Amino acid sequence: MTTNEGAAGEADWRRATELIRTADTLALACHVSPDGDALGSMLGLGLALTSAAAGAGKNVVASFGDRVFAVPRLLRFLPGQHLLVEPSAYPAEPDVMITFDASTMERLGLLAPHAGKARELIVIDHHVSNTRFGTVHLVDPAAASTTMVVERLIHRLGLPLDRDVATCLYAGLVTDTGSFRHSITTPAAHAMAGRLLATGLRPEEIARELWDRSPFAYLRVLGAALGRATLEPDAAGGLGLVWTYVSRADRAAEGLPYDEVEGVIDVVRRIDEAEVAVVLKEDDEGGWNVSTRSKGAVDMARVCAELGGGGHPRAAGFSSALSVEDTIAVLRPLLAAEGTRS
Ligand code: AMP
Ligand code: MN
Ligand code: MN
């Protein structure tokens, strides 16, 4: 294995490229509630595979297993949306299926049974916690984003990296590095950004779509959430916790869709007095999705794994069927244990 091939072994890379080259149809799937890295890595590879310039002309279907299938508003600018099909139209027993940015089979939601029945399952990911649930694994925990692994695969397949493909890959790179601010921002991440920018993509337009626009209703819902933010200085072994929530009633009052509240955590996590930030977000069905962030001293991937979720040490999440108060009550002892460990 050479250093620039990442953690996957040469045998896996060979097997993956062989499977993709010989397949007529490829079924792609990313994790539920897709973020820029999940959708960007899937659509980026999908576009490269269907490119006429490649002469490959693969049949590609792409999807994600949410019960209510809708691309989050802030990701609708990504090229390649025509490749998407609803989970109900997804092949039941795919010949070759490829998953993106999903650390476990469960993260595929409704598409998990399809993955279980696939003849070959290529898992492309960068989570340390990846359970290697496929038949071939391109998993590189040192990669800042899944799109970094996909760029390498596109290169190895000899497929062209045009501006549309690059836009998808760049969206994943900037999402997962927090615009090159997070600790995972390696020289390799910047080098890849340079290659992508060289295709002529528009970084200012991508940044605006991802982070710098919202309907007015967002200000009202954000204001309500920030108004009830709670600081617990003694939590997490004295390192501090700040938390708040956004209920579906908050959103209904302003007519704000669920996918507009993803950025609330980025405001809450900035405060100095808390190592850990938590935002609970209630979806339209009444389930709570919990976003958690730490500044590095507390391993949130481990805390969230205890609660059936997962993620990265500084950015992780889980779902909760409990009330807001009960969810925080379950979190406190786990944070205390992790806070004193550090
Ligand atoms: P989010 O707070 O939604 O931006 O999620 C942060 C990170 O946590 C994601 O990149 C995922 O790696 C992970 N994550 C979030 N929710 C879950 C979940 N329910 N199960 C496993 N991992 C999750
Ligand atoms: Mn993701
Ligand atoms: Mn990712």
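Is the crossing of α4 and α6 left-handed or right-handed? In this predicted model, the crossing of these two helices is left-handed. Helix α4 spans residues 146–157 and helix α6 spans residues 187–197; the two pack at an angle of about 60°, their axes lying 11 Å apart. On the α4 side, the contact is formed by Thr 147, Met 148 and Glu 151, and on the α6 side by Ala 188, Ala 189, Met 192 and Arg 195. Classified by residue type, this contact contains four nonpolar, one polar and two charged residues.

Helix α4 also packs against helix α1 (residues 10–22), at an angle of about 65° and with the axes 10 Å apart. Here the crossing is right-handed. From α1, the residues Glu 10, Trp 13, Arg 14, Thr 17, Ile 20 and Arg 21 take part, and they meet Val 149, Arg 152, Leu 153, Arg 156 and Leu 157 of α4. The contact of α1 with α4 comprises five nonpolar, one polar and five charged residues.

A further helix pair is formed by α2 (residues 36–50) and α5 (residues 163–176), whose axes come within 8 Å and cross at roughly 160°. Since angles over 145 degrees count as roughly antiparallel, α2 is roughly antiparallel to α5. The crossing of α2 and α5 is left-handed. Helix α2 contributes Gly 36, Asp 37, Gly 40, Leu 43, Gly 44, Leu 47 and Ala 48 to the contact, while α5 contributes Asp 164, Val 165, Cys 168, Leu 169, Ala 171, Gly 172, Thr 175 and Asp 176. These residues divide into seven nonpolar, five polar and three charged.

Ligand 1 is surrounded by 14 residues, of which His 127, Ser 291, Arg 293, Gly 310 and Ala 316 are the closest. A backbone contribution comes from Gly 317, a polar backbone atom of which is 3.3 Å from an oxygen atom of ligand 1.

Terms used
Residues numbered from 1 in each chain as written. Chains lettered and ligands numbered in written order. Predicted model: local features only at pLDDT ≥ 70, side-chain atom pairs only at ≥ 80, totals over all residues. Heavy atoms only, no water. Axes fitted to C-alpha atoms, helices over the stretch in contact; angles between N-to-C directions. Helix = DSSP H or I, 4+ residues; strand = E, 2+ residues; numbered from the N terminus. Parallel < 35°, antiparallel > 145°, perpendicular 65-115°, else oblique. Left-handed = near helix turned anticlockwise from the far one by under 90°. Contact = heavy atoms within 4.5 Å. Nonpolar A, V, L, I, M, F, W, Y, C, P; charged D, E, K, R; others polar. Near = heavy atom within 4 Å. Polar contact = N/O pair within 3.5 Å; in protein donor to acceptor, adjacent residues only side chain to side chain.
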